Amino acid sequence: NLENKEKIVFTKEDRIPIYDTPKGVKEELLLTMSEPENIEPSLVVLQPGCSTDIEKPHEGVELGYVIEGEIELYLNKEVYLVRKEETFFYSANKKHFIKNKSNSKTATLIWIEIF
């Protein structure tokens, strides 16, 4: 029975766009199912100079991988530079957001929240 078969591969068409993002930020959820509900992977594209909304501290951890460009990761008052092909990982118990520091190139990253 194909309907009960576990979904393993998710195509570009399966992605769910997130519409309430700031100007210059495109975010799509990479998984369409609610299981497991404790992980939320997304593909984020930041236009030059744009940043995600500031997230308040919350439970869990966050992990990211920069595919293209470089970003600045803001955790409370600390700022970390994350370059192409670098990974970041942090506890989400601090205020956080991501900014594309370039004024000419887009930045693309995979961002995974684990609750």
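Predicted model: local features only at pLDDT ≥ 70, side-chain atom pairs only at ≥ 80, totals over all residues.
Colleague: How many helices and how many strands does the protein have?

Modeller: Read along the sequence, the protein follows the pattern β-β-β-β-β-β-β-β-β. The count that goes with this pattern is 0 helices and 9 strands.

Colleague: What is the radius of gyration of the protein, and which value does the globule rule give for 115 residues?

Modeller: The C-alpha atoms fill a box of roughly 50 × 30 × 25 Å along the principal axes. The pattern of the chain is β-β-β-β-β-β-β-β-β. The radius of gyration is close to the value from the globule rule, so the protein is as compact as a globular protein of that length. The two values are 15 Å for the protein and 13 Å from the rule.

Colleague: What percentage of the contacts with a separation of 6 or more comes from residues 24 or more positions apart?

Modeller: One such pair of touching residues is Phe89 with Val61, and Phe89 also touches Glu62 and Leu63. For the protein as a whole, residues 24 or more positions apart account for a share of these contacts that comes to 61%.

Colleague: Is Thr52 buried or exposed?

Modeller: Thr52 lies in the loop between strand 3, residues 39–46, and strand 4, residues 61–68. Leaving aside residues up to four places away in sequence, Thr52 touches Pro22, Val25, Leu46, Phe97, Ile98 and Trp111. Because its relative accessibility is 10%, and the cut-off is under 20%, Thr52 counts as buried.

Colleague: Which loop holds Asn76, and what is its phi?

Modeller: Asn76 is partly exposed, with a relative accessible area of 46%. Asn76 is found in the loop between strand 5, residues 71–75, and strand 6. Although Asn76 is not a glycine, its phi is positive, at about 50°.

Colleague: Where is Glu85 placed, and what is its phi?

Modeller: Glu85 is exposed, with a relative accessible area of 57%. The place of Glu85 is in the loop between strand 6 and strand 7, the latter covering residues 87–91. Glu85 is not a glycine, and yet its phi is positive, at about 70°.

Colleague: What distance separates the C-alpha atoms of Glu78 and His96?

Modeller: Glu78 lies in strand 6, which covers residues 78–82, and at 46% relative accessibility Glu78 counts as partly exposed. Glu78 and His96 are 18 residues apart along the chain, and the separation of their C-alpha atoms is 9.5 Å.

Colleague: How far apart are the mean positions of the positive and negative charges of the protein?

Modeller: The protein exposes about 7,600 Å², of which carbon and sulfur atoms supply 52%, and 32% of its 115 residues count as buried. For the 15 positive and 21 negative charges, the distance between the mean positions is 8 Å.

Note on methods:
Residues numbered from 1 in each chain as written. Heavy atoms only, no water. Helix = DSSP H or I, 4+ residues; strand = E, 2+ residues; numbered from the N terminus. Rg over C-alpha atoms; globule rule 2.2 N^0.38 Å. Buried < 20%, exposed > 50% of the residue type's maximum accessible area, 1.4 Å probe, protein only. Contact = heavy atoms within 4.5 Å. Areas by Shrake-Rupley, 256 points an atom, 1.4 Å probe, with all protein chains shown as cover. Lys, Arg positive; Asp, Glu negative; His and termini not counted. Charge placed at Lys NZ, Arg CZ, Asp CG, Glu CD.
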